[in-house]
Amino acid sequence: MIRRIVLLAAALAVLKLAVLFTHAALVIQFLIAAGLVAVWVLTLLVKPFGRCWLCGGKGNLRRPGSSRAPVCPLCHGMKRRQRTGSKAVHRVRRQVAAHWRGAR
Ligand SMILES: [Zn+2]
């Protein structure tokens, strides 16, 4: 009888430990995800423009077997594109800056 209780207690302790560890793993995963998002937002702030993915940064679409190269319809020959979210990030940054200017 006592042995059974001890076994049960041991099982409960293991379960508790497992829950604790899964919780820690979840927290670590969340921290890693939050860090990755923060790094991505920082790259958006530093580099709001990225290379056009349609023309690969060439500005035109040269197809094999064609003498004339049509201008890339996505970047209109600018060779770069505004990265998704960079406008929102900069708007927030401007608003925060304006808020702190107004607070003083
Ligand atoms: Zn392009």
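Analyst: We may begin with Ile32, which is found in helix 1. Please bear in mind that this is a predicted model.

User: What makes the protein more spread out than a compact globule?

Analyst: The elements come first: the protein has two helices and two strands, and their pattern along the sequence is α-β-β-α. The globule rule gives 13 Å for 104 residues, whereas the radius of gyration of the protein is 27 Å; this is well over the rule, so the protein is more spread out than a compact globule. The C-alpha trace spans about 90 × 55 × 15 Å along its principal axes. Of the 104 residues, 3% count as buried.

User: How do you know that the span of helix 2 agrees with its number of residues?

Analyst: Helix 2 covers residues 86–103, which is 18 residues, and at 1.5 Å a residue these should span 26 Å. The end C-alpha atoms of helix 2 are 26 Å apart, so the two values agree.

User: Why is helix 2 said to lie largely in the open?

Analyst: To be buried, a residue needs 20 or more other C-beta atoms within 10 Å of its own. The number of buried residues among the 18 of helix 2 is zero, so helix 2 lies largely in the open.

User: Why is Leu61 called partly exposed?

Analyst: Partly exposed is the class between the limit of 12 or fewer for exposed and that of 20 or more for buried. Leu61 has 15 C-beta neighbours inside 10 Å, and therefore counts as partly exposed. Leu61 is placed in the loop between strand 1 and strand 2. Apart from neighbours within four places in sequence, Leu61 is in contact with Cys55, Ala69, Pro70 and Cys72.

User: Which classes do His76 and Lys79 fall into, and why?

Analyst: His76 has 10 C-beta neighbours inside 10 Å, so it counts as exposed. Lys79 has 16 other C-beta atoms within 10 Å, and is therefore partly exposed. Both His76 and Lys79 lie in the loop between strand 1 and strand 2. Neither is a glycine, yet phi is positive in each: about 55° for His76 and near 70° for Lys79.

User: What makes Gln82 exposed?

Analyst: The limit for exposed is 12 or fewer. Gln82 has 12 other C-beta atoms within 10 Å, so it is exposed. Gln82 belongs to strand 2, residues 80–82. Beyond its neighbours within four places in sequence, Gln82 is in contact with Pro48, Phe49 and Lys87. Gln82 and Pro48 are 34 residues apart in sequence and 6.1 Å apart in space, C-alpha to C-alpha.

User: Where is confidence lowest, and where is it highest?

Analyst: Confidence is lowest in helix 1, residues 2–46, with a mean of 87, and highest in strand 1, residues 49–51, at 93. The average pLDDT of the protein is 88, and 97% of the residues score at least 70.

Definitions and conventions:
Residues numbered from 1 in each chain as written. Predicted model: local features only at pLDDT ≥ 70, side-chain atom pairs only at ≥ 80, totals over all residues. Helix = DSSP H or I, 4+ residues; strand = E, 2+ residues; numbered from the N terminus. Contact = placed C-beta atoms within 7 Å. Rg over C-alpha atoms; globule rule 2.2 N^0.38 Å. Expected span 1.5 Å × (residues − 1). pLDDT = per-residue confidence, 0-100.
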